[in-house]
Amino acid sequence: MNSIPDPAQRLSTALSQRFATAPTVEPALPGFAELARMANHRSHRKFSRQSVAPELLRLLFACALSAPSKSDLQQADIVHVADRAKIKTIADGIPDMAWIADAPVFLVFCGNNRRIRKIGEWRGKPFVNEHLDHFMNAAIDAGLVLMTFIHAAEAAGLGACPISAVRNRATEVSRLLGLPDGVFPVAGLCVGYPAEEGRITPRLSLDVTVHTDHYDETGVQEKIEAYDRRRDSLLPYRKQRNPERFGKAEFYGWSEDKARQYAVPERADFGSYIRKIGFSLK
């Protein structure tokens, strides 16, 4: 019978797969089990038919909303889309993501600047922070709650996959979910019990994304090209993006895919949507 690797070994193995080399793992470091679970994170898009108990979902909401919040403003909300007809409507608008309709649970995490404005009205105080930062505060709060929910869900044996594409149709999603002015969708989330193990996605090396004292781009192009090759050897792309527009590349790596992705307009109307619901973005 195969033995289960100890947490330190699982941590080191996962980080090696993720970054090519793993940081030093000190045997006496506490919290190995949690660190190993975080390092082994993987998105799940295929789920079993097992339902998620309502009481477990409620517990996960509470854990997620225990996340840090800017100045304790608590500008994040979660919409549990339980109506399968509404889920189908969202999924139909994002046709390349069939897992939205398949997931047992679909959530939409929202930034909420409306509540603090209402509190100011109730308390007879003016809202004078009419600028970009108040939008960012709400968006970051929602992002923190989203990531905390994912960690909590994984601890409970669930898998998840974020869906930023809800912002592709922000107006339609907001109308469908009855989001008032000042409340906006940040991301959806598919949740359920995984039907397969999933894969660790390789990331850029730490010497690209971690800096000390000042931002450093020394050798960054070469490092990204090396990452392209390493990632291709472990997790090659199944198809090339927009070959009818960009042609078929002899080698298709992460950087080519991302360059192609941002060479095509996406969510160009999101800024106008955000302004329309009450954010000036000055």
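Is arginine 115 buried, partly exposed or exposed, and what is its relative accessible area? Arginine 115 is partly exposed, with a relative accessible area of 32%, where buried denotes under 20% relative accessible area, exposed over 50%, and partly exposed the range in between (1.4 Å probe, protein chains only).

The structure is a predicted model, in which local features require pLDDT of at least 70 and side-chain atom pairs count only at pLDDT 80 or more, whereas totals for chains, interfaces and linings use all residues. Residues are numbered from 1 along each chain as its sequence is written, and side-chain values use heavy atoms, with hydrogens and water left out.

The secondary structure comprises 13 helices and 4 strands, both taken as DSSP runs numbered from the N terminus (helices H or I, at least four residues; strands E, at least two). Along the principal axes, the C-alpha atoms fill a box of roughly 60 × 45 × 45 Å. Of the 282 residues, 34% are buried.

Salt bridges were searched for over the whole structure, and 11 were found, the criterion being a side-chain nitrogen of Lys or Arg within 4 Å of a carboxyl oxygen of Asp or Glu. One of them joins aspartate 77 to arginine 115, with the closest N and O atoms 2.7 Å apart. Aspartate 77 belongs to strand β1 (residues 76–80) and arginine 115 to helix α6 (residues 114–122), so this pair ties together parts that are 38 residues apart in sequence. Aspartate 77 is partly exposed, at 22% relative accessibility.

A further salt bridge is formed by the side chains of aspartate 257 and arginine 241, at 3.0 Å from N to O. Aspartate 257 lies in helix α12 (residues 254–261) and arginine 241 in the loop between α10 (220–234) and α11 (243–246), so the pair ties together parts that are 16 residues apart in sequence. Aspartate 257 is buried at 3% relative accessibility, whereas arginine 241 is partly exposed at 29%.

Within helix α2 (residues 32–39), glutamate 34 and arginine 37 are 3 residues apart, about one turn of the helix. Their salt bridge has its closest N and O atoms 2.9 Å apart, and glutamate 34 is partly exposed, at 36% relative accessibility. Glu34, Arg37 and Glu154 are linked in a network of salt bridges.
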